[in-house]
Amino acid sequence: MSDFLERPRTACALAGALSVIGNLPDVIPIVHTTLGCGGNLANSTAFGSGYLGGGYCSGPAAPSTGVTETEIVFGGADRLREQIKNTLELIDGKLYVVATGCMTEMIGDDTEGVVSEFSDEGYPILSVSTPSFKGDSYHGYDIVLDGIFNKFLPKASEKNPKLVNIFGLVPGYDPFFRGDLEEIERLLKELGLEVNTFFTPGQTFENLTSAPGAALNIVLSRVWGVELAKNFEERHGTPYWITDLPIGPEATDKFLTEVAKRFGLNAQAAIEKGNREFYGYFERAADAFCDQDLKFYAITVTNSTYALPLARYLRTELGWVLADSFVTDNLTEAQRAALQSDIPLKFATGVQEIARLINLEHPRNKGQRYFDDLSPLYIVGSTLEKRTAQIRGARHLSVSFPVYDRLITDRGYAGYRGGLHLFEDLIGQIMSVKL
Amino acid sequence: MGYYEQSVPPVRDSRLKIGDSYIGHACDLVSCSREGCLLQKSRSFWQANSCQMALSLMMATTVENSVIVMHAPGGCGALLHSLSVQSAKGKAQRGKAPNPVPWLTTNLTEADVIGGGEKKLRETIQYADREFRPEIIFVVVTCAPSIIGDDVEEVVRQVRSTVSAEVVSLHCPGFRSRVVASAYDTFYHGIFRGLNLSPKPWVDFRPLPEGSPDNELVEKQYQYQKSRTVNVWNATSIGPADEKEVERLLTALGLKVRFFAEYSSRDELRLVTEAALNVSMCNVHDDYMLKYLEKKYGIPYVIAGMPIGFRHTRNWLMKIAEFFGLEKEASHLIDYEERLARKAIQPFLEQVKGKKVLFCGGVVRVGSEATALAELGFDVLGIRAYHYDEGAEPVFEDVAKNLAETPVAVSNQLFELTHQIKTLKPDLVLSHNGTQGYIAKLGVPSIQLFNVDGAFFGYMGIYQILRRIVFEFKNTSYRDRLSRHTKLPYKPSYFEGDAFKYIKD
């Protein structure tokens, strides 16, 4: 993990933390580092995640200590104290989270000590340690949610047997986090459950405070949010279930069946309704899909959360032929092992490295009269794969961070509706350039 | 040893009188800067912003056939994804190949922060050279390696002989200056220390054979062409339409125009010294480089503000014309151009007369655009400059003369902008990129203070600015509705008090 990286598709722990905080209702960040970190890091998701933009108090609105040479030499505690005091005075929030950056960690500021001066007085404030050299944005997600749920929020006095928390999708770094979470929420509500997804406009601060009383935590990633869920169980006694994000009807049927089983419910009605709706649309599109012969070899290049669900959808629902599935996250051996399934994965991050691996594995026609090459090819990845696809004459859709070539609002690919959306986007991309 | 000989460039804070926190009027600002009191000012509450690394990267990504190596923890390069997209567009607009910018990061970990990252940096540079075969590798040194004291210059010195690319180091730790304009100096420092700025024989020119009878004529032709060649120094905020307008005007005076340093390649940069004059288009952008070129190569320079609006454009063109003895020609050209443009803007002026405007953004832009639009009948409510340094003095002396009563703030802070918009109630805001969404959420019409897809400079520029303003007023429904559904993070009590209450001495 200590190697250099080419064009990593993530930033630092602080970036992940800021993206999480910036998408939580009424939670205010206080960035304890230089003035530039807060703005630059927020920009990476504000633009690079389908133009997610700034929220209530993130990006250039985020309070920041803006440490300079003076604080590097003499310590940043006084500046932090002053910044917290004035943030509490000026900014209207229900929870304030101090997140550190590299500089203040390197000089050894006692951030927790300063923050405890305020929390002791009853202010809703906590601190998290999020320097870049401790991990990337995905780690930042775990670190900041661990701070909020497992250190800040008190244990629930009683459990709500119908309540579930959804973890695993990282705001910004999973560009469709809002649409995906909304579809998961919609589906689980059809089973009669109550759902905390935290990051969508429909959620409020009360979804955060009610979380410790949940009966189950569902982690929609085999890698991210898992540590958080383990610590959550230890502190609040809520069990967790790690599963893949369901994309399309086959995966969603299984997902609902499994959730229903855990709660002693029956998913049959929701599954039938979901399929009726999905196929009501999907079936009609069969004319265009088949008449125009839109069958492809597929290569996916995504983070670990999307890799298996996306590949499975393309193989199962569209009947495409999987050629490669790249996972671009920087993972440990144990994390890689957790991703084992019937779909073989390749682990690579660099744009150049991935393009080279594709070309090595699937050579191109060099003028042979008869040649069984990998075409027609569809590369479903990030905007960084656009050039790779162009060079190979492949179709391309951006679904993974960074996404610069489309704007995303409530679109998601999870569930039945998401399965339709993904179909629409994959095929719409072809239709839009046909004329 | 002067700044130019140092391996690590100075930050602006040590080179110039500078500040980022001030409220008052233009004439007090100028004297506050001269007396040094501006240096002492700060805030007791800050919002996140940008840093000199971000702007250094912005400039570096425009250079063709280059690769960026971030010597940094993994997060610092995150904004390069968007800069790569931005620079590809800029390259395409200038007829250059819109290739994405490859970049790498040494991805410093906890162990590297303790043990040093020099070995990793060397490996990363060598990989970048091998894999991408660039002309230039920019080594960008951020906060963390600057604190642990990695000797990047030594690594670069050693690695140069092992790679085919030129290696240019850009030292831009954000903690050393809150003023992002330091980036311009950093970038130029890297360029003149890392690249050869003289033409190469046989590559760029054919040396004269000794004793050839043609030599004198060839030499004369060369000298004549050089004596009519002007380097105009661009900036990330200056788009191709502005370059085109400036080129059109200077070409009309019989000059040959070349733009540097953004969107230039290594081979183009090598010819930078083949000119009679260097001309800046922004007072605080280029003085470090132009003074270097004067000192090292004896090329004079002109820094005469920004060619925006009638008076500033006239002044800018006349200063260049004076150098070449073309005052009469320039004066004719300007009169002619003004006549056409003034006639063209007439219908717009009637519609915008007396509109109350707030200006927000780069120090030279806000000062120049405010005085330019005031002369056309706008009511300037306030000027907000992102930073101030003594380079901007001529601009703000002009503001002091023409807009003496107008409040001037030095602020890049969103909460102060929000307060000013809510309390001054402008009809229109001209503001820096990055604030437009926030202004829309306040329900106030606004246009970009600059926009690389638009025209702002010269006669076409003033026409297009006014056209855009009139266009803005044609329908404001989007922002009217948006503002009704947006909650601000600031407590209401803040808007009842002083916008600048957190500025301290």
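Predicted model: local features only at pLDDT ≥ 70, side-chain atom pairs only at ≥ 80, totals over all residues.
Phe149(A) belongs to the largest nonpolar core, which has 114 residues. Within that core, the residues touching the most other members are Phe149(A) itself, Leu145(A), Leu188(A), Leu256(A), Trp320(A) and Leu426(A). If you want to see that core on screen, those six are handy places to begin. Apart from it there's another core, this one of 77 residues, with Tyr22(B), Ala26(B), Ile320(B) and Val399(B) among them. As a general matter, nonpolar side chains in soluble globular proteins tend to be buried together.

Now for the charged side chains. Over all chains, the count comes to 63 salt bridges. A few of them are worth a stop.

Take Glu361(A) and Lys346(A), whose side chains meet in a salt bridge at 3.6 Å, N to O. Glu361(A) sits in helix α16 (residues 351-361) of chain A while Lys346(A) sits in strand β11 (residues 346-347) of chain A, so this pair ties together parts that are 15 residues apart in sequence. How accessible are the partners? Glu361(A) has a relative accessible area of 49%, so it is partly exposed; exposed would need over 50%. Lys346(A), at 24% relative accessibility, counts as partly exposed too, given that buried means under 20%.

Over in chain B, Glu416(B) forms a salt bridge with Arg43(B), and their closest N and O atoms are 2.8 Å apart. What does this pair tie together? Glu416(B) lies in helix α19 (residues 414-424) of chain B and Arg43(B) in strand β3 (residues 42-43) of chain B, so the bridge links parts that are 373 residues apart in sequence. Are these two buried or exposed? Both Glu416(B) and Arg43(B) are buried.

A local case comes from Glu123(B) and Lys119(B), which form a salt bridge at 3.1 Å, N to O. Both residues lie in helix α7 (residues 118-132) of chain B, four residues apart, or about one turn of the helix. Glu123(B) is partly exposed at 35% relative accessibility, whereas Lys119(B) is exposed, with a relative accessible area of 59%.

Salt bridges can also share partners. In chain B, bridges of this kind join Arg12(B), Arg15(B), Asp185(B), Asp287(B), Lys291(B) and Asp389(B) into one network.

Key
Residues numbered from 1 in each chain as written. Chains lettered and ligands numbered in written order. Heavy atoms only, no water. Salt bridge = Lys/Arg side-chain N within 4 Å of Asp/Glu carboxyl O. Helix = DSSP H or I, 4+ residues; strand = E, 2+ residues; numbered from the N terminus. Buried < 20%, exposed > 50% of the residue type's maximum accessible area, 1.4 Å probe, protein only. Core = buried A, V, L, I, M, F, W, Y, C linked by side-chain atoms within 4.5 Å.
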